[in-house]
Structures are given as structure tokens and as C-alpha cells.
Amino acid sequence: MTLAADLLDIATRIAREAGDLAARRRREGVEIATKSVAADIVTAADREVEAFIRAELERERPEDGFFGEESDAHESSSGVTWVVDPIDGTVNYAYGIPAWAVSIAAVEGSADPAEWTAIVGVVYNPVSGEMFRATRDGGAWLGEERLAVNDQVGPAGGLVATGFGYDPATHAPTLERLARVMPVARDIRRIGAASLDLASVAAGRVDAYYEKGTNPWDHAAGVLLVEEAGGMVGGSPGGRPGKGMVIAAGPGFYGRIADALETEE
Ligand code: IPD
């Protein structure tokens, strides 16, 4: 078995068990605490599910690094680091909207999204039961279906997913950016989980996704899904996807949305 196939098996099993644990905790009731700003929340389940994923990864691959949303990073001695969001879409999770996911990526190289190479990515929505998975050069998959981005976007424009930051200080620039994108959009979707937005680009359910301010664990697995589904992913002009910007779309539409966003200072 290749390293990527082995890591994919591990990530898939752990994502499924972690997602099912989170779903069980949701049925039992959700305890909420505030994080960076009032709208940025964490549930007891986020922390418990990350601890579960971390312990399972440590048992399977003790030399690997860990970089997750809810706990301290741990450096890799194998060259592989796991980038984990235990519950992406925490607000949906707290409200009971069935659009949240466990996102797990394995990356090689530095534990910095500007430098790493993702080799495996899985995004699991426990409510729908959908497990999106990708390995570098091995394609992106949903069950037995190989995923492919939409590349034909007609004159009505693309169906564009995006996200809004929690910090009120980001709201005005976020809305200005949205106004610049509207001329190339047939409509907008704000689903509430960046990993699922990226999985939706990979699956051709939306034509594009962009967002400023996401963290590496929100997009590490989803970016690989899009790339392996034949899409393009970038960041701020000429840069890689990161906190500054993530843009993902099929090659035929990417330039139009990147141009609309590039007018930013
Ligand atoms: C958030 C979601 C949301 C996006 C935010 C993320 P979290 O992640 O992905 O869709 O707009 O930027 O922080 O906090 O639910 O893990």
C-alpha cells in the first residue's frame, strides 16, 4: 500500500468515527462557549471530537505532526502533519442545520499552508453520510463517483458560495467584496462550512467558492478535493490559498471571479 492510500484509509475511518461521535453528542444536547468574538463559538463536542481524532492519529502514526482548530500544534518528525477541523460549521452544528463536517487533511513539508503539499483530504458530513475524499494525483471521490468541477458557466454567471467572518470589523469589506462578485454570479450560497463549500465546488454543486479569513483547518482538505476534481485554487493575487483569500473554481470560471476580487487594495 502507498503512503497516500494508507493515510487515506486512516483519515476516512477516523473522520467517520469522529463525525458519528459529534452527531451523537448533538442529539444529547449542545453546550456552547464563545471564542474570539461573540459570534465565534465552540461547543464541548468540538473539543471532545478533536481530542478523539488526535488520540486516534497518535495511536496510528505517532511520528506525525498535528495542527488542529481546538488544541496546540505538535511538530512532525515523519514529515507528515495532520490538519484537522473536528466540526467545521460549528454554528450550523449548534443550530441543528445539517451542514457541518469533519475535515481531515494530511500534508507534507512545513506545517504552513503557504508551503505545504496536501497529500490526502477527507470531508465527512455525518448528517448526509457523504464522505468526500481525495489523494494527490489519485482524484477526488464521493463513494464510487469520481468528482469533476463544473467548467461551463453560462451568461447568467456562476453559482458562487462564500463565507462571512465572525468579526464585526470584517462585515463592511465582506459586503463590498460580495458586491464586486455579484456581476459574475447567477446567485450566492452561504452554506456555513468552508470545507463543504469546497467539497461542493469539487462535486460541481456550485461553480465557485471564495472567502477571506478562513483558517488552514477550514480549507486544507477541501482545497485538495477541488484540485483533484480538476479545479483551480488560489489566494490573494498570485498567492496560494490562505487566510488572505481562498478562491476555488473550474478553470473556465476562475479568472472571472479572481478578476472581480482582484480590484481589492
Ligand atoms: C467556519 C466555517 C464558516 C466560515 C468561517 C469558518 P468553524 O469554521 O467554515 O463557513 O465562513 O470562516 O471559520 O468555525 O465552523 O470551524
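Let's start with one side chain: tryptophan 82 sits in strand E4, which covers residues 80-88. Strands here are DSSP runs of E with at least two residues, helices are runs of H or I with at least four, and both are numbered from the N terminus. Keep in mind that this is a predicted model, where local features need pLDDT of at least 70, side-chain atom pairs count only at pLDDT 80 or more, and totals for chains, interfaces and linings use all residues. Residues are numbered from 1 along each chain as its sequence is written, and side-chain values use heavy atoms, with hydrogens and water left out.

Is tryptophan 82 buried or exposed? Its relative accessibility is 1%, so tryptophan 82 counts as buried. (Buried means under 20% relative accessible area, exposed over 50%, and partly exposed in between, using a 1.4 Å probe and protein chains only.) Setting aside neighbours within four places in sequence, tryptophan 82 has contacts that include Leu7, Ile10, Leu57, Phe66, Phe67 and Ile104; contact means heavy atoms within 4.5 Å. Glycine 68 is 14 residues from tryptophan 82 in sequence, with a C-alpha to C-alpha distance of 7.8 Å.

## The whole chain

Zooming out, the chain has seven helices and 14 strands. Its radius of gyration is 17 Å, close to the 18 Å that the globule rule gives for 265 residues, so the chain is as compact as a globular protein of that length. That radius is taken over C-alpha atoms, and the rule is 2.2 Å times the number of residues to the power 0.38. The C-alpha trace spans about 50 × 40 × 35 Å along its principal axes.

Of the 265 residues, 52% are buried. If you look at contacts between residues at least 6 apart in sequence, 62% of them join residues at least 24 apart.

Domain 1 puts 41 residues into the contact, and domain 2 puts in 24 residues.

## Helix H5

How many of the nine residues of helix H5 (residues 194-202) are buried? Nine of the nine are, so H5 is largely enclosed by the rest of the structure. Among them are Leu196, Asp197, Leu198 and Val201. Just after H5 comes glycine 204, with a positive phi of about 75°.
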